[in-house]
Structure formats: structure tokens, C-alpha cells
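Here is a colleague's note to read beside the model. Please keep the coordinates open while going through the points.

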Amino acid sequence: MICLGIEGTAHTFGVGIINDEGIILADKRSIYKPSRGKGIVPNEAAEHHKKNSKIVIEAALSKADLELKDVDILAYSCGPGIPLPLIFTANFAIKLSKKYRKPLTKVHHGIGHIEIGRLTTGAKDPLVVYLSGGHNSLLALVENSYKIFGETMDITCANLLDVVAREMGLSSPGGPEIEKLAKAGKYVELPLVIKGMDVSFSGILTAAIKKYKEGIPKEDICYSIQETCFAMLTEVTERAVAHVGKKEVLLVGGVAVNKRLQEMMRIMCKDRDGKMYVVPQEYAVDNGVNIAWVGILAHKSGWKADFKDKILPRWRIDEVPWFQT
Ligand code: AMP
Ligand code: MG
């Protein structure tokens with residue numbers, strides 16, 4: 001069985017094609033880049049997706065050496081995400097499904113990030129640390145859904161990195177730039193806020209920008225943000241692992257590729273006789289393969305999104321009944 005998955009919740013329009021053995025047949029994407037100094041402008045992202053959708057899907061089909069009629073099922077990212085790009089993506093997928101008479105599955109974007117992580121790393125039943133633009137959560141599968149054990153109380157870590165980078169005139173996305181500059185930095189104190197298994201980053205945001213404006217070098221800001229945020233994330237992950245009783249930690253989402261974060265998490269896992277897994281860089285960020293793989297898993301298990309809405313911008317992951325195969 002072959003599934004074609006379409007991702008379009010935010011900046012990326014992606015089409016992935018995968019078979020039921022988990023073999024990736026194609027992965028094509030186009031990424032909307034906001035103009036310098038701006039975050040995602042919703043109608044610009046939707047316009048970007050509209051402009052590039054045909055090129056991306058044709059490129060994916062050509063890479064897989066398939067035509068749409070050869071694909072068995074379709075899947076699209078139904079949420080959570082930004083309404084305008086979500087609507088375009090949903091309409092695009094629904095039109096294809098009708099035209100080619102293929103079953104269509106609605107996919108939770110976050111489950112895509114997790115399941116591609118399990119597929120590509122071999123992690124079986126991990127505590128998932130999901131750090132993307134829109135998510136900052138500790139998750140684990142308990143009683144047939146991914147339950148949230150810890151979250152951010154305000155902005156996400158990714159958000160913090162991007163906003164501070166923007167304030168310092170670095171290019172977008174900010175995470176990789178911050179990681180580079182941090183190598184030459186030294187520590188300045190930033191507020192570290194943890195409540196139970198939740199974290200807060202807005203105080204760090206305010207303090208980092210203030211320190212930068214007072215003349216602290218960019219390198220020191222970058223180093224200190226990484227040390228503070230990643231120490232917080234590692235600490236709450238350790239609490240969650242102990243609480244839920246899992247032996248594996250799986251890092252997913254765009255921030256997961258950060259080497260310093262991986263290092264801290266690896267040390268923590270080793271201390272607890274556990275194992276850390278990281279989703280490969282190319283699948284850490286948004287892409288259509290994530291969505292296609294969930295399409296396959298859902299189809300195999302008979303799972304269906306039994307609701308009418310074609311988009312769910314605020315769809316919570318613990319609202320999705322799930323399973324593990
Ligand atoms: P996603 O929403 O999963 O596509 O993740 C996007 C986020 O990942 C952006 O906020 C990026 O700044 C962040 N990111 C990408 N690479 C890195 C990195 N090397 N270190 C930290 N954050 C990163
Ligand atoms: Mg994402």
C-alpha cells in the first residue's frame with residue numbers, strides 16, 4: 001500500500017510518499033520564508049502553498065516514479081496550525097481525493113512528528129520531547145492516546161530562539177544561527193523557570209533582549225539561552241521519564257537537531273540507564289512524509305477522524321485516540 005501525504009500547517013508545503021513497510025519513495029518540499037524581520041504572515045504562507053503546490057506534488061510523484069492513480073490512500077495535515085495555510089492544504093487534498101477517488105485521512109501534525117521519529121530511529125515506546133515552532137511538549141503514549149506530561153506555560157523554545165535571533169538581526173530560522181554563535185559565547189545569567197514538568201520561556205525572552213540592548217555580545221546571549229533553556233528542558237524530561245516510567249527518550253521537531261540539547265539529554269538518559277533517540281535532521285522539520293506515514297498507520301489500524309471539520313487549528317494531541325504498531 002502506498003500513501004501520499006500533504007503537509008501545510010505553517011511555513012512548509014510538503015508532499016511525501018511512503019509505502020506500508022515504511023520505505024520512503026519521495027519527499028519534496030517548498031518552504032515559505034517571511035521577509036527579513038517578520039514572522040509568518042498567514043496569507044503569505046497560504047499564497048506560497050498555492051503557488052508551489054503543483055510543482056511540489058509533481059516533483060514527488062516523478063521522484064517516486066508514480067502517477068496519482070497508483071497511490072492507494074491520501075493524507076493531509078488537518079491541524080494544529082495556522083488557519084489560512086491549513087485551509088488551502090485541506091481543500092487541495094480534498095480536491096485530489098475526489099478527483100482520483102482515493103480515501104483521505106486527516107492527520108494530526110504532531111503525531112506525524114512522533115511517528116516518523118519512531119519509524120526512523122526504532123524507538124519503541126518513548127517519552128517524546130516535541131520541540132517545534134508551535135509545540136513544546138513532553139508526551140507519552142498512555143492508554144491509547146499521547147498524553148501531555150509537560151508543556152510550556154507561554155511561548156515555545158523554538159519561538160524564543162527565533163524571536164531573539166530576529167531582534168539580534170540574525171537570519172531566519174533563528175535556531176541554527178543561535179547554535180553557531182553559541183560556540184563562541186560565555187555565560188550570563190537568565191531566569192530559569194520550571195513549575196513541575198512545565199517550563200516558561202517568556203522571562204528569558206525579555207531578559208535576553210534587554211541584555212543584548214545593554215551591549216552583551218550576541219555570542220554570550222546565544223550561549224546563555226541555549227544553556228538555560230536546554231537545562232530546563234532536560235530537567236523536566238528527567239522528571240517526566242521518572243514519572244511515566246519510560247526507558248527511552250525521543251527528540252522530535254525542529255529544535256531536536258540542536259547538538260547541545262542532544263548532549264544534555266544524552267547524559268541524562270545515560271545516568272538513568274535509558275536511551276536517547278533523535279529524529280534524523282531531514283525529518284525533524286515539517287514535511288509530507290511524516291503525514292503520509294501516519295496515513296499508513298491510521299489506515300492499517302482502521303483509525304478514522306470521525307469529525308466534519310476539514311481543519312482543526314487548535315487540535316490537541318491528547319484528543320486523538322491512538323495506538324502503536
Ligand atoms: P518545526 O516547527 O518543527 O519546523 O521547527 C522549526 C524550529 O526549529 C524553528 O524555530 C527553528 O529555529 C528551530 N531549529 C532549527 N534548527 C535548529 C537548531 N540547530 N537549534 C535549535 N533550533 C533549531
Ligand atoms: Mg512541525
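Is Asp 65 buried or exposed? Asp 65 counts as exposed, at 69% relative accessibility. Keep in mind that this is a predicted model.

1. **Positive phi at Asp 65.** Asp 65 sits in the loop between α1 (42-64) and β4. Its phi is near 60 degrees, which is a positive value in a residue other than glycine. Please look at the backbone there.

2. **Positive phi at Glu 143.** Glu 143 also has a positive phi, near 50 degrees, and is not a glycine. Its place is the loop between β7 (136-141) and β8 (146-150). Glu 143 is exposed, with a relative accessible area of 71%.

3. The peptide bond from Gly 79 to Pro 80 is cis. Omega is near -5 degrees. Pro 80 belongs to the loop between β4 (73-79) and α2 (83-100).

4. Ser 172 and Pro 173 are joined by a cis peptide bond, with omega about 0 degrees. Pro 173 lies in the loop between α4 and α5.

5. His 109 lies in helix α3 (residues 109-121), while Asp 286 lies in the loop between α9 (281-284) and α10 (288-301), so the pair ties together parts that are 177 residues apart in sequence.

6. His 109 has a relative accessible area of 5%, so it counts as buried, the cut-off being under 20%. Asp 286 is buried as well, at 9%.

7. **Contacts of ligand 1.** There are 20 residues around ligand 1. Those that come nearest are Gly 133, Asp 162, Gly 175, Glu 179 and Gly 254. A backbone N or O atom of Gly 133 lies 2.8 Å from an oxygen atom of the ligand. For Gly 254, a backbone N or O atom is 2.9 Å from a ligand oxygen. Asn 258 uses its side chain: an N or O atom there is 3.0 Å from a nitrogen atom of ligand 1. How much of ligand 1 does the protein cover? The cover is 92% of the 500 Å² of accessible area that the ligand has on its own.

8. **Where the shell comes from.** The largest share, four residues, comes from α5. By type, the shell residues divide into eight nonpolar, nine polar and three charged. Both domains take part: at least three residues come from each of domain 1 (2-113 + 283-319) and domain 2 (125-280).

9. **Val 164 in α4.** Val 164 lies in helix α4. It is buried, with a relative accessible area of 1%. Val 164 and Tyr 212 are 48 residues apart in sequence, yet 9.2 Å apart in space, C-alpha to C-alpha.

10. **Ser 224 in α7.** Ser 224 is found in helix α7 (residues 218-244). At 0% relative accessibility it counts as buried. What does its side chain reach? It reaches the backbone nitrogen of Val 188 at 2.8 Å. A polar atom of the Ser 224 side chain also lies 3.4 Å from the backbone oxygen of Lys 186.

11. **His 108 in β5.** His 108 is in strand β5 (residues 104-108). It counts as buried, at 3% relative accessibility. A polar atom of its side chain is 3.4 Å from the backbone nitrogen of Ile 317.

Terms used: Residues are numbered from 1 along each chain as its sequence is written. Chains are lettered from A and ligands numbered from 1 in the order in which they are written. This is a predicted model: local features need pLDDT of at least 70, side-chain atom pairs count only at pLDDT 80 or more; totals for chains, interfaces and linings use all residues. Side-chain values use heavy atoms; hydrogens and water are left out. Helices (H or I, at least four residues) and strands (E, at least two) are DSSP runs, numbered from the N terminus. Buried means under 20% relative accessible area, exposed over 50%, partly exposed in between (1.4 Å probe, protein chains only). A residue is near a molecule or strand if one of its heavy atoms lies within 4 Å of it. A polar contact is a pair of N or O atoms within 3.5 Å; within protein, one must be able to donate a hydrogen and the other to accept it, and residues adjacent in sequence count only if both atoms are side-chain atoms. Accessible areas come from the Shrake-Rupley method with a 1.4 Å probe; for residues, only the protein chains shown count as cover. Ala, Val, Leu, Ile, Met, Phe, Trp, Tyr, Cys and Pro count as nonpolar, Asp, Glu, Lys and Arg as charged, and the others, Gly among them, as polar. Domain bounds come from an automatic or database domain assignment.
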